[in-house]
Amino acid sequence: KWNYAGQGAYFVTTCSRNREHLFGEIKDGEMIMSQIGQFVEDTWLNLPARFPPLELDEYQVMPNHFHGILTLNGEVGLPLGNVMKAFKSLAFR
């Protein structure tokens with residue numbers, strides 16, 4: 001059984017409700033974010049302020065979902081589930 005409170009890098013994906021295209025659209029191969037998509041990005045980038053042992057890496061906002069890589073560091077057992085609950089409750093209301 002994997003310990004999702006352990007140190008390490010994690011790849012996460014989360015989708016909008018019913019996979020609606022709320023976060024923007026792709027035009028000419030480029031993601032053009034809506035205001036909601038920008039809010040999702042801002043929320044992601046502000047997670048380390050809430051969770052100091054957290055380090056963010058690459059991420060991508062897509063029209064109906066989000067991908068990101070994050071690293072849990074330090075001695076504090078910060079469960080990945082707590083981070084994702086906070087992210088989703090703030091960004092995906």
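**Figure 1. Phe-66, a buried aromatic residue in the predicted model.** At a relative accessibility of 0%, Phe-66 is classed as buried; this term denotes a relative accessible area under 20%, whereas exposed denotes over 50% and partly exposed the range in between (1.4 Å probe, protein chains only). The model is predicted, so local features require a pLDDT of at least 70 and side-chain atom pairs a pLDDT of 80 or more, while totals for chains, interfaces and linings use all residues. Residues are numbered from 1 along each chain as its sequence is written, and side-chain values use heavy atoms, with hydrogens and water left out. Trp-44 is likewise buried, with a relative accessible area of 0%, and Phe-87 is buried at 0% relative accessibility.

**Figure 2. Trp-44, Tyr-59, Phe-66 and Phe-87 are linked into a cluster by ring pairs.** A pair of aromatic rings is described by the distance of the centres and the angle of the planes. Rings of Phe, Tyr and Trp (its six-membered ring) are taken to pair if their centres lie within 6.5 Å; planes under 30 degrees apart are stacked, over 60 edge-to-face, and the rest tilted. Five aromatic pairs are counted by this rule. In one of them, the ring centres of Trp-44 and Phe-66 are 4.8 Å apart and the planes stand at 55°, so the pair is tilted. This pair joins distant parts of the chain, with Trp-44 in helix H1 and Phe-66 in strand E5, 22 residues apart. The rings of Phe-66 and Phe-87 also form a tilted pair, because their centres are 5.1 Å apart and their planes lie at 55°. Here too distant parts of the chain are linked: Phe-66 belongs to strand E5 and Phe-87 to helix H3, 21 residues apart. Helices (H or I, at least four residues) and strands (E, at least two) are DSSP runs numbered from the N terminus.

**Figure 3. The largest nonpolar core contains 20 residues.** Such a core is a set of buried Ala, Val, Leu, Ile, Met, Phe, Trp, Tyr and Cys residues joined through side-chain atoms within 4.5 Å. Leu-70, Leu-72, Val-83 and Phe-87 touch the most other members. At least two core residues are supplied by each of strand E1 (8–15), helix H1 (35–45), strand E4 (54–61), E5 and helix H3 (80–91). H3 provides six residues, the largest share of this core. With residues up to four places away in sequence excluded, the contacts of Leu-70 (heavy atoms within 4.5 Å) include Tyr-10, Val-12, Trp-44, Leu-56, Leu-80 and Val-83.

**Figure 4. Thr-71 is a residue of strand E5 (residues 65–72).** Its relative accessibility is 18%, and Thr-71 therefore counts as buried. Apart from neighbours within four places in sequence, Thr-71 contacts Gly-8, Ala-9, Pro-53, Leu-54 and Glu-55.

**Figure 5. Gly-37, Val-40, Glu-41, Thr-43 and Trp-44 are the buried residues of H1.** These residues lie on the same side of H1, because they cover an arc of only 160° around the axis; the arc is that of the directions from the helix axis to the C-beta atoms. The elements covering the buried residues of H1 include E1, strand E3 (30–33), helix H2 (47–50), E4, E5 and H3.

**Figure 6. Strand E2 (residues 24–27) and E3 pair in the antiparallel sense.** The pairing extends over four bridges; two strands pair if DSSP finds at least two bridges between them. Ile-26 has Met-31 in E3 as its bridge partner, and Lys-27 stands opposite Glu-30 in E3. E2 and E3 form a hairpin with two residues between them, and Asp-28 in the turn has a positive phi of about 50°.

**Figure 7. Lys-27 and Glu-25 form a salt bridge.** The closest N and O atoms of this pair are 3.6 Å apart; a salt bridge requires a side-chain nitrogen of Lys or Arg within 4 Å of a carboxyl oxygen of Asp or Glu. One salt bridge is counted by this rule. Lys-27 is partly exposed, with a relative accessible area of 46%, and Glu-25 is partly exposed at 41% relative accessibility.

Figure 8. The C-alpha atoms of Gln-60 and Met-31 are separated by 9.0 Å, and the two residues are 29 residues apart along the chain. Gln-60 is partly exposed, with a relative accessible area of 35%.
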